[in-house]
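Hi everyone, thanks for coming.

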Amino acid sequence: MVPLSWYLILSAVLFCLGVFGFLLKRNIITIFMSIELMLNAVNLTFVAFANYWNEHATLVSDKIIPLSGQVFVFFVMVVAAAEAAVGLAIIIAVFRTRETLNVDRVNLLKL
Amino acid sequence: MTEPSLNLWVIPLLPLAGAAINGLFGRRFKNAMVSFVALFFTAASFGWAVWAVMQGLHLSLPHVETVGTWISAGNFSAPFGFYLDQLSMVMVLVVTGVGFLIHIYSVGYMAHEGGYYRFFAYLNLFMFFMLTLVLANNYLLMFVGWEGVGLASYLLIGFFFLKDSAADAGKKAFIVNRIGDFAFLIGMFLIIQHFGSLNYAVVFDKVGHLGSEAGWGLLTAIALCLMFGATGKSAQVPLYVWLPDAMEGPTPVSALIHAATMVTAGIYMIARSSSIFSRAPHALEIVAIIGCLTAIFAATIGMAQTDIKRVLAYSTVSQLGYMFLACGVAAYSAGIFHLMTHAFFKALLFLGAGSVIHALGGEQDMRRMGGLRKQIPKTFWVMTVATFAIAGFPPLAGFFSKDEILGQVFSSPHGSHVLWAIGVLTAGITSFYMFRLWFMTFFGELKLGKDLGEAHAAPVQHGSAPSHGHDDHGHGGVHESPWVMIAPLMVLALGSIVAGWAGVPAFMGGSNRFEKFLAPAITSTAQAALTATERTSEAAGQPAEEQQENPNQGWLLAGTSVGVALVGFFFAWLLYYKQPELPDRITAKIHGTYLMVLHKYYVDEGYGLLFVKPLLALSTVVFWRGVDQGVIDGLVNGAGQASQGIGNELRRMQSGNIRSYAAWVAAGGAAVLAYMIWLGVRK
């Protein structure tokens with residue numbers, strides 16, 4: 001039986017990787033992948049907690065459905081898929097007009 | 001028994017309706033329609049007033065009617081209430097009666113002026129406010145009328161608003177009046193604070209119950225404030241300067257507002273507050289001195305003026321001084337008596353002067369007039385009546401009222417022989433300048449269009465430009481005025497003859513009915529002393545008011561005033577009829593004095609130097625540049641600049657670099673996380 005904290009540590013590590021990737025990389029696609037990484041780190045936390053609650057169901061009231069954390073992951077995945085569709089479309093549009101994927105050069109809104 | 005309602009509120013409201021109709025729709029009316037509306041509502045108001053007075057005489061006075069509550073706050077309340085007693089009866093009849101006559105006259109006088117409907121709308125508006133003033137049953141409603149007549153006066157002085165001098169005169173009248181109004185307001189605040197009400201009945205009752213020691217200072221303060229308010233409206237020293245300039249308005253306005261009615265509001269107010277003034281002997285003394293000073297001061301200025309309307313204006317100021325003097329010696333009814341007779345003959349003088357000006361196509365300078373006796377005989381005769389009336393020749397109105405005042409000044413316990421002597425001297429000067437006007441205008445020969453030598457050049461505002469456009473309608477030569485103008489003059493002339501007979505003094509076999517009639521509405525000083533709860537020994541020891549007048553003394557006083565009037569007549573005859581070249585030589589001899597009088601003792605210039613310039617400088621340097629531009633604008637601009645600066649700094653955060661935004665988000669998230677961990681650790 002793997003303790004809960006391990007999952008959480010792994011999730012935190014993944015999330016931090018995502019954050020640092022987002023902050024340090026210049027390529028928009030890499031940044032996009034970092035965002036996915038963060039989302040999935042959060043998903044991992046969800047399922048880890050859902051499993052934990054499921055094992056200790058007696059601790060909580062019956063009204064909490066033990067599977068709700070896992071169902072939530074599906075929502076996140078759907079939203080992430082939608083976001084990926086929109087995001088990739090934007091990336092393509094950016095590339096077509098600017099002919100670059102360097103995020104530092106996409107700064108037309110700057111004063 | 002319940003008293004029948006007289007619906008007093010109708011009296012002021014009728015002219016208001018006329019003003020509203022003419023003001024809102026008059027632009028589209030024909031002139032005849034405008035005249036009909038204005039005359040109808042004024043006549044209706046006069047009719048209602050006569051009816052109300054006839055009814056009122058059978059009721060127990062004062063008769064109070066309250067229409068509704070206007071202001072109610074805490075213990076204080078001010079109703080829309082109307083108050084009919086002997087005093088307001090006289091005032092209402094004078095205002096509506098003389099007002100109606102002047103409305104008729106204006107139909108002829110203003111026939112060829114632009115803004116005909118505007119003129120009558122203002123005139124009716126004036127009637128509304130004036131009637132509110134005299135009929136109000138509390139000081140606050142009176143103040144509404146008081147301010148309202150000021151507004152109407154401002155509008156009418158500046159009627160020819162394209163002319164700078166008229167617009168300036170209107171502003172001057174308004175501003176000078178505000179100074180007096182300020183004091184009136186303070187007086188009202190004092191009354192509210194100490195008596196908790198502004199209703200006449202309540203205030204006068206409470207004044208009557210004040211202990212003589214306790215009330216003295218308070219009542220003196222209130223009386224002085226009210227008096228200063230009255231000096232503004234009634235054109236007394238030191239606030240008289242606006243009235244002569246007010247002659248820029250059309251002549252009927254000068255007659256109605258600046259001679260017969262509005263300027264007497266101050267006298268009315270003092271007479272109305274007689275129970276306050278009678279308890280404040282020092283204030284009374286000051287009223288008498290101011291009145292006396294004004295009377296002689298304005299009369300001497302009147303001697304040197306050459307503009308016919310300005311002579312009459314200074315004469316008005318001087319006569320108002322008489323009324324003030326009468327109030328100041330606690331002879332309120334004598335003051336109101338003179339107010340009434342003065343309304344007749346001064347309105348007549350102004351309207352007659354208007355008729356002369358009309359005849360000469362706008363000429364106002366008396367030096368270009370002369371010999372009009374034959375050309376405009378009707379105007380000549382009514383002007384003669386008015387001139388003799390104001391000069392105080394028996395049996396015309398002015399004689400009785402002026403003699404009543406002088407007699408009271410001489411014999412009243414508040415009067416003094418010095419005041420009397422100045423009053424008599426003023427009567428002589430009055431006679432002199434009025435006959436000077438009479439001789440210069442109607443005798444000798446016409447000098448129309450004469451070029452006046454520079455040596456005599458009058459002060460600037462006397463400029464010979466005709467102040468109204470009678471030139472436009474191309475009458476040739478001198479012409480008598482139409483009947484619509486002459487008829488009111490005839491009625492007023494009749495009034496100037498008989499109005500005085502209401503108050504024939506006892507020593508002439510009369511019974512002074514006017515004073516007896518007014519007596520219940522007036523609180524004399526003796527009554528005031530009696531009603532005081534705490535009677536001091538001196539007050540009780542004072543002689544009763546009804547002391548028997550010595551008939552010989554009465555005849556002597558009357559003879560003296562007629563005598564000085566004759567002397568004035570003689571000098572005017574000598575200087576302006578018999579030897580018309582004499583005045584030039586005399587003025588050349590006393591050139592300095594003459595110039596000083598001609599320039600009205602440089603009072604306007606003095607006020608300019610003493611008040612206007614320092615005020616302007618103060619306003620420019622301190623209030624405009626300092627407070628307004630420095631502090632207020634500074635605060636606003638400072639706030640703007642500060643937010644601009646802060647924004648400029650914060651702008652650097654909006655780098656456009658997505659990763660830096662993300663870093664801020666991450667840092668924020670980390671901060672929240674750290675805080676929560678810290679919370680957990682602390683537990």
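Before we start, one idea to keep in mind: a crossing of two helices is called right-handed if the near helix is turned clockwise from the far one by less than a right angle, and left-handed if it is turned anticlockwise. Please also remember that this is a predicted model.

Helix H10(B), residues 251–260, passes helix H15(B), residues 332–359, with the axes coming within 9 Å and crossing at roughly 160°. H10(B) passes H15(B) in a right-handed crossing. Do the two helices run parallel or antiparallel? An angle over 145 degrees counts as roughly antiparallel, so H10(B) and H15(B) are roughly antiparallel to each other. On the H10(B) side, the residues that meet H15(B) are Thr251(B), Pro252(B), Ser254(B), Ala255(B), Leu256(B), Ala259(B) and Ala260(B). Their counterparts in H15(B) include Phe350(B), Leu351(B), Gly354(B) and Ile357(B). Sorted by class, this contact has 11 nonpolar, 3 polar and 1 charged residues.

Now for a second pair. Helix H17(B), residues 377–391, and helix H20(B), residues 483–498, have axes that come within 9 Å and cross at roughly 25°. That angle makes H17(B) roughly parallel to H20(B), because angles under 35 degrees count as roughly parallel. Which hand does the crossing of H17(B) and H20(B) have? That one is left-handed. From H17(B), Lys378(B), Val382(B), Val385(B), Ala386(B) and Ala389(B) take part, and among the residues they meet in H20(B) are Ile486(B), Leu489(B) and Met490(B). By class, the contact of H17(B) with H20(B) has 9 nonpolar, 1 polar and 1 charged residues.

One more helix pair, and then we move on. Helix H2(B), residues 31–56, and helix H4(B), residues 116–135, come within 9 Å by their axes and cross at roughly 10°. H2(B) and H4(B) are therefore roughly parallel. Their contact includes Val34(B), Phe41(B) and Ser45(B) from H2(B), along with Tyr117(B), Phe120(B) and Met127(B) from H4(B). Here the classes come out as 8 nonpolar, 4 polar and no charged residues.

Next, some strands. Strand E1(B), residues 63–73, pairs with strand E2(B), residues 76–84, in the antiparallel sense over 9 bridges. To follow that on the screen, find Thr66(B), whose bridge partner in E2(B) is Gly81(B), and then Ser72(B), whose partner is Ser77(B). How many residues lie between E1(B) and E2(B) in this hairpin? There are 2, and Gly74(B) in the turn has a positive phi of about 60°.

A positive phi turns up in another place too. Ala235(B) has one of about 55°, although it is not a glycine, and it is found in the loop between H8 and H9 of chain B.

That loop has something else to show you. Pro238(B) is also placed in the loop between helix H8 (212–233) and helix H9 (242–245), and a cis peptide bond joins Val237(B) to Pro238(B), with omega of about 5°. Where else can you look for a cis bond? Go to Pro394(B) and Pro395(B): the peptide bond between them is cis, with omega near 5°. Pro395(B) is found in the loop between H17 and helix H18 (397–411) of chain B.

Finally, let's zoom out. The domain assignment of chain B gives domain 1, covering 329–450 + 476–534 + 551–598, and domain 2, covering 606–642 + 659–682. How far apart are the C-alpha centres of these two domains? They lie 67 Å apart.

Definitions and conventions:
Residues are numbered from 1 along each chain as its sequence is written. Chains are lettered from A and ligands numbered from 1 in the order in which they are written. This is a predicted model: local features need pLDDT of at least 70, side-chain atom pairs count only at pLDDT 80 or more; totals for chains, interfaces and linings use all residues. Two strands pair if DSSP finds at least two bridges between them. Helices (H or I, at least four residues) and strands (E, at least two) are DSSP runs, numbered from the N terminus. Domain bounds come from an automatic or database domain assignment. Axes are lines fitted to C-alpha atoms, for helices over the stretch in contact, and angles run from 0 to 180 degrees between N-to-C directions. Angles under 35 degrees count as roughly parallel, over 145 as roughly antiparallel, 65 to 115 as roughly perpendicular and the rest as oblique. Two residues are in contact if their C-beta atoms, placed from the backbone, lie within 7 Å. Ala, Val, Leu, Ile, Met, Phe, Trp, Tyr, Cys and Pro count as nonpolar, Asp, Glu, Lys and Arg as charged, and the others, Gly among them, as polar.
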